[in-house]
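Dear colleague,

I am passing on a structure that I would like you to look through, and below it I have set out what was found. Please keep the viewer open while you read, so that each point can be followed by eye.

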Amino acid sequence: MAALLLRFFLTLCALRVAAYTPLSDKTLRNLPGAGGDFDIKTGSILAPILIPRVPGTPGSLAVQEHFVDWFSTNLPKWNVEFQNSTSTTPATGERHVPFANIIITRDPPWTKPGDVGRLALVAHYDSKLTPVGFIGATDSAAPCAMIMHAARSVDEALSKKWDAMQAEGSIGLDEEKGVQILFLDGEEAFLSWTDSDSLYGARSLAEQWDSTPHAAMSTYHTALSSITLFLLLDLLGTSKPHVPSYFQTTHWAYQNLAGIESRLRSLGITQSTSDGNFLPETDKSVFHNSWGVQDDHIPFMARGVEVLHVIPTPFPHVWHTMADDGEHLDIPTVEDWAKIVTAFVGEWMDLEGYFPEPPKHARRDQDRKTEL
Ligand SMILES: [Zn+2]
């Protein structure tokens with residue numbers, strides 16, 4: 001009998017580990033939009049990022065402050081840290097330019113850092129030195145904003161799930177999962193893209209994390225190996241993007257993301273007008289390209305981190321021009337991406353059943369909009 005019970009218990013544990021619960025239609029329908037927070041002039045999330053933010057300049061500092069203030073005000077349970085480095089660049093001569101990566105983490109409250117596998121949501125927040133005044137709305141202000149909105153949209157569900165696990169005494173049965181945001185600095189080249197003139201922040205962070213071990217007996221050896229998936233968003237925010245699946249080893253994650261997009265579309269929740277899906281390569285089976293498009297994932301991937309790169313091919317028509325500004329964003333597309341990412345985090349973290357009901361006034365607003 002005891003052996004039977006033990007087997008039953010072990011089966012239960014195995015099932016828990018394998019759990020990956022899709023969000024229900026109702027949960028998808030109730031996911032909040034960012035609304036006014038994505039307004040390019042006044043939005044509390046997006047507008048403060050739509051300024052030139054070249055590393056080491058006042059604009060960069062202002063955006064760093066925006067991230068820190070926004071998280072401490074809205075999401076105080078997320079831990080904010082900086083990882084700093086400096087480097088000379090081909091455009092700045094002997095002067096050492098400072099680069100500040102911002103790392104924002106939410107782990108289950110009972111865990112030690114070395115025991116948590118994390119879904120990393122990644123975008124770079126620096127803007128390009130030239131042309132002077134370049135904003136980089138898709139590159140990557142809008143992706144940063146999408147990630148902030150996704151974090152806010154899962155925050156309460158994370159608390160509820162973890163509170164419930166503690167209350168029922170089920171902690172420790174499952175793998176420990178957390179969410180981590182990496183806002184990386186110095187992605188852009190100062191002069192022209194080379195291995196040494198690009199990815200300043202990503203190279204520094206990957207190297208530092210790879211060489212800093214966690215405490216002995218930790219589940220994960222380093223903060224780098226704690227990343228179970230590096231979900232990198234870049235060049236998103238113009239209409240009708242075409243995002244290929246770049247890597248065979250994370251094609252399953254691409255399929256999950258694409259599956260969420262299809263469900264949002266069939267439920268009529270998406271806001272953008274599109275001829276097809278943003279993520280059309282669900283059935284891809286042959287993968288040629290080993291590194292994909294050069295971007296912040298490279299130093300991480302080179303160290304064995306699994307990467308899902310969400311970047312369109314072709315690039316947006318505004319790429320690296322003055323036209324990559326707030327006015328050229330397609331906000332319905334930005335909203336749709338934010339919702340796709342939110343749902344992906346919700347499924348990754350098994351949050352079905354823990355999302356809050358939308359406030360009554362929001363439901364009334366929705367009804368009124370439908371009537372109009
Ligand atoms: Zn760029």
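Perhaps begin with helix 4 (residues 137-168), which lies across strand 2 (97-106), strand 3, strand 4 and strand 5 (227-233) and runs at about 150 degrees to strand 3. Please bear in mind throughout that this is a predicted model.

The strands that helix 4 lies across belong to a sheet, and strands of a sheet in general pair through backbone hydrogen bonds, either parallel or antiparallel. Here six strands form an open sheet with mixed pairing, in the order 1-2-4-3-5-6. Its edges are strand 1 (79-87) and strand 6 (307-310), each of which pairs on one side only. Direction ignored, neighbouring strands of this sheet are turned against each other by 20 degrees on average.

Next, please turn to helix 6 (residues 251-266) and helix 8 (residues 331-348), whose axes come within 9 Å and cross at roughly 120 degrees. An angle from 65 to 115 degrees would count as roughly perpendicular and one over 145 as roughly antiparallel, and the two helices are therefore described as oblique to each other. The crossing of helix 6 past helix 8 is right-handed. On the side of helix 6 the contact is made by Asn256, Leu257, Ile260, Glu261 and Leu264, while helix 8 contributes Lys339, Ile340, Ala343, Phe344 and Glu347. Sorted by class, this contact has six nonpolar, one polar and three charged residues.

A few backbone details deserve a careful look, given that most residues other than glycine have a negative phi and most peptide bonds are trans. The peptide bond from Thr130 to Pro131 is cis, with omega near -5 degrees, and Pro131 is found in the loop between strand 3 and helix 4. A cis bond also links Asp139 to Ser140, with omega near 0 degrees, and Ser140 lies in helix 4. Leu199, in the loop between strand 4 and helix 5 (200-210), has a positive phi, near 50 degrees.

Finally, an unreviewed UniProt entry places the feature "domain: Peptidase M28" at residues 117-345. In the model, the end C-alpha atoms of residues 117-345 lie 13 Å apart, and the span is 34% helix and 12% strand.

Notes: Residues numbered from 1 in each chain as written. Predicted model: local features only at pLDDT ≥ 70, side-chain atom pairs only at ≥ 80, totals over all residues. UniProt positions renumbered as here; feature names shortened; annotations may be inferred. Helix = DSSP H or I, 4+ residues; strand = E, 2+ residues; numbered from the N terminus. Axes fitted to C-alpha atoms, helices over the stretch in contact; angles between N-to-C directions. Parallel < 35°, antiparallel > 145°, perpendicular 65-115°, else oblique. Left-handed = near helix turned anticlockwise from the far one by under 90°. Contact = placed C-beta atoms within 7 Å. Nonpolar A, V, L, I, M, F, W, Y, C, P; charged D, E, K, R; others polar. Pairing = 2+ DSSP bridges.
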